[in-house]
Amino acid sequence: MAEERQRDHWSHTSLVLSVLANIHRDPKRAGRYTADDFNPFTARKPVTMKAGVGILKHVFVDNRKGNAK
């Protein structure tokens, strides 16, 4: 019951925040905000990055401190 109350409060708060953000945004730089952008209870897709193993080798193996070449 407490979680549902929090969800309800956040739905109202996130709507107000999205309206304020859209009022003050620069239309040339940023897209439109939705209430889901500000609501911590909405499910978001995880951010995935595509990178090769060579990049990881460069970061973690080649750039170690004290690595003698």
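Asn39 is located in the loop between helices α1 and α2 (53–62), helices being DSSP runs of H or I with at least four residues, strands runs of E with at least two, both numbered from the N terminus. The model is predicted, so that local features require pLDDT of at least 70 and side-chain atom pairs count only at pLDDT 80 or more, whereas totals for chains, interfaces and linings use all residues. Residues are numbered from 1 along each chain as its sequence is written, and side-chain values use heavy atoms, with hydrogens and water left out.

With a relative accessible area of 8%, Asn39 is buried; this class is defined as under 20% relative accessible area, with exposed meaning over 50% and partly exposed in between (1.4 Å probe, protein chains only). When residues up to four places away in sequence are not counted, Asn39 touches Trp10, Ser11, Ser14 and Arg44, a contact being defined by heavy atoms within 4.5 Å. Under the same exclusion of residues up to four places away in sequence, Ser14 touches Ala35, Phe38 and Asn39.

Helix α1 comprises residues 2–24. Its 23 residues should span 33 Å at 1.5 Å a residue, and the end C-alpha atoms are 33 Å apart, in agreement with that value; the expected span is 1.5 Å times one less than the number of residues. The buried residues of α1 are Ser14, Ser18 and Ala21. Leu17, which also lies in helix α1, is partly exposed, with 34% relative accessibility. Leu17 contributes to a nonpolar surface patch of about 620 Å², made together with Trp10, Leu15, Val16, Val19, Leu20 and Ile23. Such patches consist of residues with over 30% relative accessible area and no salt bridge, in which nonpolar side chains (Val, Leu, Ile, Met, Phe, Trp, Tyr) are joined within 5 Å and like charges within 9 Å. Accessible areas were computed by the Shrake-Rupley method with a 1.4 Å probe, and for residues only the protein chains shown count as cover.

Side chains of opposite charge can pair when their charged atoms come close. The structure holds 3 salt bridges, each defined by a side-chain nitrogen of Lys or Arg within 4 Å of a carboxyl oxygen of Asp or Glu. In one of them, Glu3 is paired with Arg7, the closest N and O atoms being 3.0 Å apart. Both residues lie in helix α1, where Glu3 and Arg7 are 4 residues apart, about one turn of the helix. Glu3 is partly exposed at 42% relative accessibility, and Arg7 is likewise partly exposed, with a relative accessible area of 32%. A salt bridge also joins the side chains of Arg29 and Asp26, with an N to O distance of 3.7 Å. Here Arg29 is exposed, at 75% relative accessibility, whereas Asp26 is partly exposed, at 33%. In the salt bridge between Lys57 and Asp62, the N to O distance is 3.3 Å. Lys57 is partly exposed at 45% relative accessibility, as is Asp62 at 27%.

At the level of the whole chain, the secondary structure comes to 2 helices and 0 strands. Along the principal axes, the C-alpha atoms fill a box of roughly 60 × 40 × 20 Å. A separation of 42 Å is found between the C-alpha atoms of Gln6 and Val59, which are 53 residues apart along the chain. Gln6 lies in helix α1 and is partly exposed, with a relative accessible area of 44%.

Buried residues make up 6% of the 69 residues in the chain. The accessible surface of the chain comes to about 6,700 Å², and carbon and sulfur atoms account for 59% of that area. Among contacts with a separation of 6 or more, 33% are between residues 24 or more positions apart.
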